[in-house]
Amino acid sequence: MAWLGRDSRRTVLVATLLVASFLLTAFLAFRGLAAARSRRITAEGVVRDWTRAAMDELARRVEAQAGFYGTYPVLQAMASAPKLLSPADLAAAATNEEMRRSARLVRATLRYDASGGLEVSSGAPAEAVAWLGRTLPALAAAPPPPPQQKPLHAAFGDGERTFVWALTPAAQRAAARGTRHARTDRIEPGNQIVGFEVEIAALAPFFEQAIATSPLLPPSLAEGRIGNDSICVRVTDPRGGEVFRSPTAPNGPLAVRKLAGDGLLRGMTFDAMIAPKVVPLLILGGLAQPDAAMYLVPLLLAAGLLVTAVLQLRKERALARWRSEFVASVSHELRTPLTQIRMFAETLALDRVRSPEERRRSLAVIDQEARRLAQLVENVLQFSRGERGMLSLVRRPLDLVALTRETLTAFAPIAAARGVRVIASLPPTAVALADQDALRQVLLNLLDNAVKYGPNDQEVLVAVEATTAAGAAAPGVRLSVDDQGPGVPARDRRRIWHRYQRLERERERAIAGAGIGLAVVRDLVTLHGGRVRVEDSSRGGARFVIELPADLPAEARP
């Protein structure tokens, strides 16, 4: 049909728009998540950069303070002494805490000049002494530098060692002794080197002093609200020994590791981290973790809505198809009895009957087809009322036995036309609160299905019995229709009660039907407060069972 083609195109267009909307939502969600992650990565990079800046400042301060207040006074004392001073001599000569702190930096002392050779105090390993013997002569023969100290690093079997040395030119030594040197504009063989091996662990007080003096970060940053107590630091020497650690050790994704460059601290490892509590002072909004749920939940909801919409579109298309089939089926079912009525009416009107018996048979056919037509029309009307929610019942005490006998009598011509024998098993009486017209329609629909889908010359059993509902004290009435047809497969027993639903085998056999009869049965029984089901018959067919209450429930009583 043309209108079905248009409907199909409309469905495809709607589905395409829904999918496009979902894809746009997915794109925006993933872009938002990616932007949030990119912002966090950038913010973490900024925090780490400021942490490295703080570490550079800390290393600079320690290098300066340890050199000026630590190693330099020791080298001065060693240069002015007539002999090599040992670590014990330096410690004994310390008269205040600052000098004692400097003396603790000395692990082993050394002195070299061309005339006396190399002298090293006890505590230095033999390989270090041999290395110094090869290295210092070249340093002593170099042009005299400005008065300054220099670090010297070397790796031995037990690890890296750090030395600090200073060169004292011969002219300077002669001036110190009160004599003048003949020539001061050239290298003199009397140049002397004094130095010592640094005890790395003794640098801890200088780290403490460097942190205690002033903030490591610029005061203009966060208006000076980030103090050194918010910077977690841990410093280890080249051997892995801990030199210094703040009260809180750096640990977490914001921690930064940095190796010290050339200088007294070369080879030391700085681990540092700015405390997360002050990160919002550096980064507006802090380092909020991208909330994937904030983006994925709407995306999942959009996906759910898309799936729901597609399913609804499929149901709409199926419903349109079922309605088309329903119209075709109803038209076919209406045409058949109308054709029969018209044909036999014309036969009677033109007086073409050849005997009284043929006249009676023609009238019987007209009556039978009229009844079938009336039943079909009533079904369609009941179905239409159900679709619009306008089904209503007037329930009164009703003798179901009498109603069943009356209905069977009215249905007898239709059954006889197929050679079907309807056998009733009825008690004397069975009263239920029911609507007479509705129950008659229910029974007619069940009988019509039994005759339509069952074989010719079968027996259909109709039974009425009073019963008590399981688990309840209130009595009820049960009505059953038992045929000898093919039955209803277990997989289809829930589906047959829905509108427009028919078994595939009936479609293949081209049995006329609109697919609304059992839907009308279910709606009418449900309005009665009853239940309906289908089960296997002991005779091989299907057995439809209706259970109705014998009284109104308490909440429904007037």
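Reader: Does Thr 404 count as buried or exposed, and at what relative accessibility?

Author: In this predicted model, Thr 404 has its place in helix α10, which spans residues 400-417. Leaving out residues up to four places away in sequence, Thr 404 touches Leu 426, Leu 443, Val 462, Val 464 and Leu 479. Since buried means under 20% relative accessible area, Thr 404 counts as buried, at a relative accessibility of 0%.

Reader: How do the axes of helix α11 and helix α13 cross, and what is the angle?

Author: Helix α11 covers residues 436-453 and helix α13 covers residues 517-527, and their axes come within 9 Å. The crossing of α11 and α13 is left-handed. The angle at which these two axes cross is roughly 150°.

Reader: Which residues make the contact of α11 with α13, and how many of them are nonpolar, polar and charged?

Author: From α11, the contact is made by Ala 438, Gln 441, Val 442, Asn 445, Leu 446 and Asn 449. From α13, the contact is made by Gly 517, Leu 518, Val 520, Val 521, Leu 524 and Val 525. Sorted by type, the residues of this contact of α11 with α13 comprise no charged, four polar and eight nonpolar.

Reader: Which residues touch the most other members of the largest nonpolar core, and which element gives the most to this core?

Author: The largest nonpolar core has 54 residues, and those that touch the most other members are Leu 58, Phe 196, Leu 203, Phe 207, Met 268 and Phe 270. At least two residues of this core are supplied by each of α1 (2-80), β4 (159-168), β5 (192-198), α6, β6 (231-236), β7 (242-245), β9 (269-274) and α7 (279-282). The element that gives the most to this core, with ten residues, is α1.

Reader: Which residues does Leu 58 touch, not counting residues up to four places away in sequence?

Author: Leu 58 is one of the residues that touch the most other members of the largest nonpolar core. Not counting residues up to four places away in sequence, the residues that Leu 58 touches are Phe 207, Ala 210, Ile 211, Leu 216, Val 233 and Phe 270.

Reader: Why are the buried residues of α6 on the same side of the helix?

Author: Helix α6 runs over residues 204-213, and its buried residues are Ala 204, Phe 206, Phe 207, Ala 210 and Ile 211. They are placed on the same side of α6 because the arc they cover around the axis is only 165°.

Reader: Where is Leu 221 found, and which residues does Leu 221 touch, not counting residues up to four places away in sequence?

Author: Leu 221 is found in the loop between α6 and β6, and with a relative accessible area of 17% Leu 221 is buried. Leu 221 and Leu 282 are 61 residues apart in sequence, yet 7.6 Å apart in space, C-alpha to C-alpha. Not counting residues up to four places away in sequence, Leu 221 touches Trp 50 and Leu 282.

Reader: What is the phi of Ala 222, which is not a glycine?

Author: Most residues other than glycine have a negative phi. Ala 222 lies in the loop between α6 and β6 and is buried, with a relative accessible area of 12%. Although Ala 222 is not a glycine, its phi is positive, at about 55°.

Reader: Is Leu 284 buried or exposed, and with what relative accessible area?

Author: Leu 284 is found in the loop between α7 and α8 (292-349). Leu 284 and Ala 43 are 241 residues apart in sequence and 9.1 Å apart in space, C-alpha to C-alpha. Because exposed means over 50% relative accessible area, Leu 284 is exposed, with a value of 78%.

Technical notes. Residues are numbered from 1 along each chain as its sequence is written. This is a predicted model: local features need pLDDT of at least 70, side-chain atom pairs count only at pLDDT 80 or more; totals for chains, interfaces and linings use all residues. Side-chain values use heavy atoms; hydrogens and water are left out. Axes are lines fitted to C-alpha atoms, for helices over the stretch in contact, and angles run from 0 to 180 degrees between N-to-C directions. Helices (H or I, at least four residues) and strands (E, at least two) are DSSP runs, numbered from the N terminus. A crossing is left-handed if the near helix is turned anticlockwise from the far one by less than a right angle, and right-handed if clockwise. Contact means heavy atoms within 4.5 Å. Ala, Val, Leu, Ile, Met, Phe, Trp, Tyr, Cys and Pro count as nonpolar, Asp, Glu, Lys and Arg as charged, and the others, Gly among them, as polar. Buried means under 20% relative accessible area, exposed over 50%, partly exposed in between (1.4 Å probe, protein chains only). The arc is that of the directions from the helix axis to the C-beta atoms. A nonpolar core is a set of buried Ala, Val, Leu, Ile, Met, Phe, Trp, Tyr and Cys residues joined through side-chain atoms within 4.5 Å.
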